[in-house]
Amino acid sequence: MEWIQQLVNGISVGSIYALIALGYTMVYGIIKLINFAHGDVFMLGAFIGFFAITRWDVGFLPALIISMVLCAIIGVIIERVAYKRLRSATRIAALITAIGVSFLIEYTMIFFRGASPEAYPEVLPNTSIDIFGVSISSKSILILVVTIILMILLQFIVHKTKIGKAMRAVSLDADAARLMGINVDNTISATFAIGSALAGAAGVIFGAYYTRIEPLMGVLPGLKAFIAAVLGGIGNIPGAMVGGLVLGVVETVVSAFGFSLWRDAAAFIILILILILKPSGLFGKNTREKV
Amino acid sequence: MLKVNNIDVFYGNIHALKDVSIEVKESEIVTLIGANGAGKSTLLKTLSGLLKPKSGTISYLSQQINGKQAQSIVKSGISHVPEGRRVFSNMTVEENLELGAYLRKDRDSIKKDIANVYELFPILGERRKQQSGTLSGGEQQMLAMGRALMAKPKLLLLDEPSMGLAPLIVKQIFEIIQMVNQQGTTVLLVEQNANMALSIADRAYVIETGKIVLSGTAKELQESEQVKAAYLGAL
């Protein structure tokens, strides 16, 4: 029954990738920008959670919420300061800017607090729960539950609320959305806010799960979340969720078979394969114009 | 109701509209006819705030609206049905209509107006839960018009509603344009199909390479030799 435990571990890791991937895919969907600074927002989220827990002595959930709120604000500031003025610039200019913002965040962080890692306090109950003879850590289950709640919340926002409908409309056709009276700038900011809040949540979850955070921790999970978004079909929200989970499970399976050194390689092999075999991703579709 | 005074609009270096002036009076159907690239869509985009004129003024209900944001123009009662329908393809028919009412807060009457749109275009009611990208071209045109009507416009801007549609569907769409007009909405209709447009319009303008070259009542233009030769073909 060990494989069930591995599967649960994989899903837990995958749900962190999925939360970060959602921000990538939402931002790409609306302004066609791969926001490479997104992984660093995830890192900031982890540190905000860390400070909330150690300095203000709050529990896991309040820390999660504080981190989400602050990351949302950070996301909007990044968009307003760095990306907004590049909206009509070439995509490569915006991409290079995103990489620049990423470095700026990473090294500002290192400048002010050094590069040393920090140990996350134990905020989640760490016991084993036996289900049908399989022991699963309570941490994994809690993480999974929090992620599922956040994803349901996101689906609700995107499909049922006015701002969600505006986000979808802008991502499909910004000019047509303008003609409906939608404020495109505010809608783009809202997208950054929501995506960054999810990255902030992922940061706190990551910290609570792996217990070790450092200023460059966003790089690899950021890249992997990007792979997850591409795997699911970039711009596609359910695709990012599935892509993240698949990636997490594949990585765990590769490790479980004793190839843990190949874990990161497996993620990039997936990226290469998907780009060769189905560049639009698992859920991506090409819509044609009808006349 | 709408007065465009000597506007000039540029696309980068291209001088797309040169010193254009037109007027639309309350409850009229005014049509703007011209060939591809004459500047018809540019004019509509300028009216709805997607483009800004370099000079000249646009006044609507005795307020200046040139240079205003698109959303405040929609709010003031101008709805624009863009060329090529531009429906939100991955959203359902009903969601498209709801987006048309984006700036309205009166939930109950929004529901009623959606029902009205389904009455005007019964096929949309049948397909309300369908993704709008799966609709036929004619149905998409109807959806685009229904969506624009959801904003309760006083002035409706229509950009080539006949484009790419079968003659029978075009006829149907034009009947609906007349019906909408009779219910009190002023219409500015941009068309390449001069025959159809002139047959329902009160007045008309002819635009060529960014300049208004002719104007008059629809009847006058239908009989003008210049228009016949250039736009109506040998009938």
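Strands are DSSP runs of at least two residues and helices are runs of H or I of at least four, both numbered from the N terminus. In that numbering, Leu61(B) belongs to the loop that lies between strand 4 and strand 5 of chain B. The model shown in every figure is predicted.

**Figure 1. The loop at Leu61(B), between strand 4 and strand 5 of chain B.** Strand 4 of chain B pairs with strand 5 (residues 63–64) of chain B in the antiparallel sense, over 2 bridges. Within this pairing, Ser59(B) stands opposite Gln64(B) of strand 5 of chain B. The two strands form a hairpin with 2 residues between them, and there Leu61(B) takes a positive phi near 50°. Most residues other than glycine have a negative phi. The phi of Leu61(B) is positive although the residue is not a glycine. Leu61(B) has 14 other C-beta atoms within 10 Å and is therefore partly exposed.

**Figure 2. The open sheet of chain B, with strand order 2-1-4-5.** The sheet has 4 strands, and its pairing is antiparallel. Strand 2 (14–24) and strand 5 of chain B are the edge strands; each has a single partner strand, so one side of each is without a neighbour in the sheet. Helix 1 (residues 40–47) of chain B packs on the sheet and touches strand 1, strand 2 and strand 4 of chain B. The direction of this helix makes about 70° with that of strand 2 of chain B. Between strand 1 (residues 2–11) and strand 4 (residues 55–60) of chain B, which run antiparallel, there are 5 bridges. Among the residues of this pairing, Asn5(B) has Thr57(B) in strand 4 of chain B as its bridge partner.

Figure 3. Met1(B) has 19 C-beta neighbours inside 10 Å and so counts as partly exposed. A residue is classed as buried if 20 or more other C-beta atoms lie within that distance. Beyond its neighbours within four places in sequence, Met1(B) is in contact with Val24(B), Lys25(B), Glu26(B), Tyr60(B), Leu61(B), Leu155(B) and Thr186(B). The C-alpha atoms of Met1(B) and Ser62(B) are 7.4 Å apart, whereas the two residues are 61 residues apart in sequence.

**Figure 4. The crossing of helix 3 and helix 4 of chain A.** The axes of helix 3 (residues 60–83) and helix 4 (residues 91–113) of chain A come within 11 Å and cross at roughly 130°. Because of this angle, helix 3 of chain A is oblique to helix 4 of chain A. The crossing is right-handed. Ile78(A), Ala82(A) and Tyr83(A) of helix 3 of chain A meet Ala94(A), Thr97(A) and Val101(A) of helix 4 of chain A. By class, this contact has 5 nonpolar residues, 1 polar residue and no charged residues.

**Figure 5. The packing of helix 1 against helix 10 in chain A.** Helix 1 (residues 2–31) and helix 10 (residues 237–256) of chain A pack at an angle of about 145°, and their axes are 6 Å apart. The crossing of these two helices is right-handed. The residues of the contact divide into 17 nonpolar, 11 polar and 1 charged.

**Figure 6. Thr211(A), in the loop between helix 8 and strand 4 of chain A.** Thr211(A) is not a glycine, yet its phi is positive, at about 60°. Thr211(A) is partly exposed, because 17 other C-beta atoms lie within 10 Å.

**Figure 7. The contact between chain A and chain B.** In this interface, 17 residues of chain A are in contact with 24 residues of chain B. On the side of chain A that touches chain B, the elements that give two or more residues are helix 6 (162–172) and helix 7 (174–179) of chain A. Helix 6 of chain A gives the most to this side, with 5 residues. By class, the side of chain A that touches chain B has 8 nonpolar, 3 polar and 6 charged residues.

Notes. Residues numbered from 1 in each chain as written. Chains lettered and ligands numbered in written order. Predicted model: local features only at pLDDT ≥ 70, side-chain atom pairs only at ≥ 80, totals over all residues. Contact = placed C-beta atoms within 7 Å. Nonpolar A, V, L, I, M, F, W, Y, C, P; charged D, E, K, R; others polar. Pairing = 2+ DSSP bridges. Axes fitted to C-alpha atoms, helices over the stretch in contact; angles between N-to-C directions. Parallel < 35°, antiparallel > 145°, perpendicular 65-115°, else oblique. Left-handed = near helix turned anticlockwise from the far one by under 90°. Buried ≥ 20, exposed ≤ 12 C-beta atoms within 10 Å, placed from the backbone.
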